[in-house]
Amino acid sequence: MRRLREDGTPDRGKGFLIRQMTVDDMPAVMALEKASFKNPWSTELLGRELQHDWSTILLVEEPRPEGGVELLGLAIFWIVHDEVHVLNVATAPVHRRRGVARTVMEEVLRRGVARRCSLATLEVRRGNESALNLYRSLGFRPVGIRPNYYVDEGEDAIVMVLDF
């Protein structure tokens, strides 16, 4: 896994690059959102997240053999006071089961610890077993349910918390 050092430059490791999203990444991020979700985030919503001081969008990329990089996944999270709140984690369907979501979540949590956060929270679809298993393996525990949270599908969200 590559991590961004505190000065913003990427660290290398395991072939992945993790860096913060910029406005120039919008087309690739929108394509990832559309491939990953029935109801993807909008360009406007992503653009607003890029403007908030408390919001971070991390991209997971992998170098292509022919040059350049390919976007594999992302995480959107807030750090407010002493809490990390994960809003969105996405992995391109063709790259699932490769550790992309785990890699970006580990980086999100690392940043929370570095900022002296005391807990992390997130909501996850009740039916998303892969995500539930990932979050449990990272130490998150279920603390509640938000009924009909995903309105379009009528699916409940499980609220999960991790104490640092």
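Is arginine 110 buried, partly exposed or exposed, and what is its relative accessibility? Arginine 110 counts as partly exposed, because its relative accessibility is 24%, and buried would require under 20%. The model described here is predicted. Its protein chain has four helices and seven strands, and the structure holds ten salt bridges.

**Fold and dimensions**
- Read from the N terminus, the elements of the protein chain follow the order β-α-α-β-β-β-α-β-α-β-β.
- The radius of gyration of the protein chain is 15 Å, which agrees with the value near 15 Å for a compact globule of 164 residues.
- Along the principal axes, the C-alpha atoms of the protein chain fill a box of roughly 45 × 35 × 30 Å.

**Burial, contacts and surface**
- Of the 164 residues in the protein chain, 44% are buried.
- Among contacts between residues at least 6 apart in sequence, 55% join residues at least 24 apart.
- The protein chain exposes about 9000 Å², and carbon and sulfur atoms supply 50% of this area.

**Charge**
- The protein chain carries 23 positive and 24 negative side chains.
- The centres of these two sets lie 4 Å apart.
- Side chains of opposite charge can pair when their charged atoms come close.

- Arginine 110 pairs with glutamate 107 in a salt bridge, with 2.7 Å between the closest N and O atoms.
- Both residues belong to helix H3 (residues 100-114), where arginine 110 and glutamate 107 are three residues apart, about one turn of the helix.
- Glutamate 107 is buried, with a relative accessible area of 0%, whereas arginine 110 is partly exposed at 24%.

- Glutamate 123 and arginine 146 form a salt bridge in which the closest N and O atoms are 3.2 Å apart.
- This pair links distant parts of the chain, with glutamate 123 in strand S5 (residues 119-125) and arginine 146 in strand S6 (residues 141-150), 23 residues apart.
- Glutamate 123 is buried at a relative accessible area of 16%, while arginine 146 is partly exposed at 36%.

**Salt-bridge network**
- Arg19, Asp25 and Glu61 are linked in a network of salt bridges.
- Aspartate 25 counts as buried because its relative accessible area is 12%, and the cut-off for buried is under 20%.

Note on methods: Residues are numbered from 1 along each chain as its sequence is written. This is a predicted model: local features need pLDDT of at least 70, side-chain atom pairs count only at pLDDT 80 or more; totals for chains, interfaces and linings use all residues. Side-chain values use heavy atoms; hydrogens and water are left out. Helices (H or I, at least four residues) and strands (E, at least two) are DSSP runs, numbered from the N terminus. The radius of gyration is taken over C-alpha atoms; the globule rule is 2.2 Å times the number of residues to the power 0.38. Buried means under 20% relative accessible area, exposed over 50%, partly exposed in between (1.4 Å probe, protein chains only). Contact means heavy atoms within 4.5 Å. Accessible areas come from the Shrake-Rupley method with a 1.4 Å probe; for residues, only the protein chains shown count as cover. Lys and Arg count as positive and Asp and Glu as negative; His and the chain ends are not counted. The place of a charge is taken as NZ of Lys, CZ of Arg, CG of Asp or CD of Glu. A salt bridge is a side-chain nitrogen of Lys or Arg within 4 Å of a carboxyl oxygen of Asp or Glu.
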